[in-house]
Amino acid sequence: QLRLVESGGDLVQPGGSLRLSCAASGFTLDYYAIGWFRQAPGKEREGVSCISASGDSANYANSVKGRFTISRDNAKNTAYLQMNSLKPEDTAIYYCAAEYRDRSGSDWYWDPCPGDSASWGQGTQVTVSS
């Protein structure tokens, strides 16, 4: 059974850092594009960052560029989101998602963001507050 489990969420002061993890089980993350999304209270879910199956391309929301870094460790079957210089507006539940990519296609390299066929984790709470 395909499963994603996020961890690493916490209460942190403004300016602080956190690293979120997204551990996959029941499948090999190597063949999947991975995305991080977040949803704040009363707001719609938004994309934060995503990385292609090959690891060659990554996207970031303008609001997190220069502060967040997405990465993947296929040997550990885990993806990460390093979050630095956190702001109160980063407070949200953070979710990871994964979508399969065919290694023989260009999407393997250049389509980093999971879409409608993605599998989702249950989320981890990040709260940025003094």
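Rings of Phe, Tyr and Trp, the last taken by its six-membered ring, pair if their centres lie within 6.5 Å. In this predicted model, Phe27, Tyr32 and Tyr100 form one aromatic cluster. By this rule the count comes to five aromatic pairs. One of them joins Tyr32 and Tyr100, with ring centres 5.7 Å apart and planes at 75°. Planes over 60 degrees apart count as edge-to-face, so the Tyr32 and Tyr100 pair is edge-to-face. The pair links distant parts of the chain. Tyr32 belongs to strand S4 and Tyr100 to strand S9, and 68 residues separate them. Tyr32 is buried, at a relative accessible area of 13%. Tyr100 counts as partly exposed, at 49%.

Strand S4 spans residues 32–39. Seven of its eight residues are buried, so S4 is largely enclosed by the rest of the structure. In a regular strand, side chains alternate between the two faces of the sheet.

S4 pairs with two strands, S9 and S5. Strand S9 covers residues 92–100. The pairing of S4 with S9 is antiparallel and runs over eight bridges. Within it, Ala33 stands opposite Glu99. Strand S5 covers residues 46–51. Its pairing with S4 is also antiparallel, over five bridges. Here Phe37 stands opposite Gly47. S4 and S5 form a hairpin, with six residues between the two strands. Gly42 lies in the turn and has a positive phi of about 75°.

Glu99 lies in strand S9. What is its relative accessible area? The value is 11%. Buried means under 20%, so Glu99 is buried. A polar atom of the Glu99 side chain lies 2.7 Å from the backbone nitrogen of Gly115. Neighbours within four places in sequence are left aside in the following contacts.

Note on methods: Residues are numbered from 1 along each chain as its sequence is written. This is a predicted model: local features need pLDDT of at least 70, side-chain atom pairs count only at pLDDT 80 or more; totals for chains, interfaces and linings use all residues. Side-chain values use heavy atoms; hydrogens and water are left out. Buried means under 20% relative accessible area, exposed over 50%, partly exposed in between (1.4 Å probe, protein chains only). Helices (H or I, at least four residues) and strands (E, at least two) are DSSP runs, numbered from the N terminus. Two strands pair if DSSP finds at least two bridges between them. A polar contact is a pair of N or O atoms within 3.5 Å; within protein, one must be able to donate a hydrogen and the other to accept it, and residues adjacent in sequence count only if both atoms are side-chain atoms. Contact means heavy atoms within 4.5 Å. Rings of Phe, Tyr and Trp (its six-membered ring) pair if their centres lie within 6.5 Å; planes under 30 degrees apart count as stacked, over 60 as edge-to-face and the rest as tilted.
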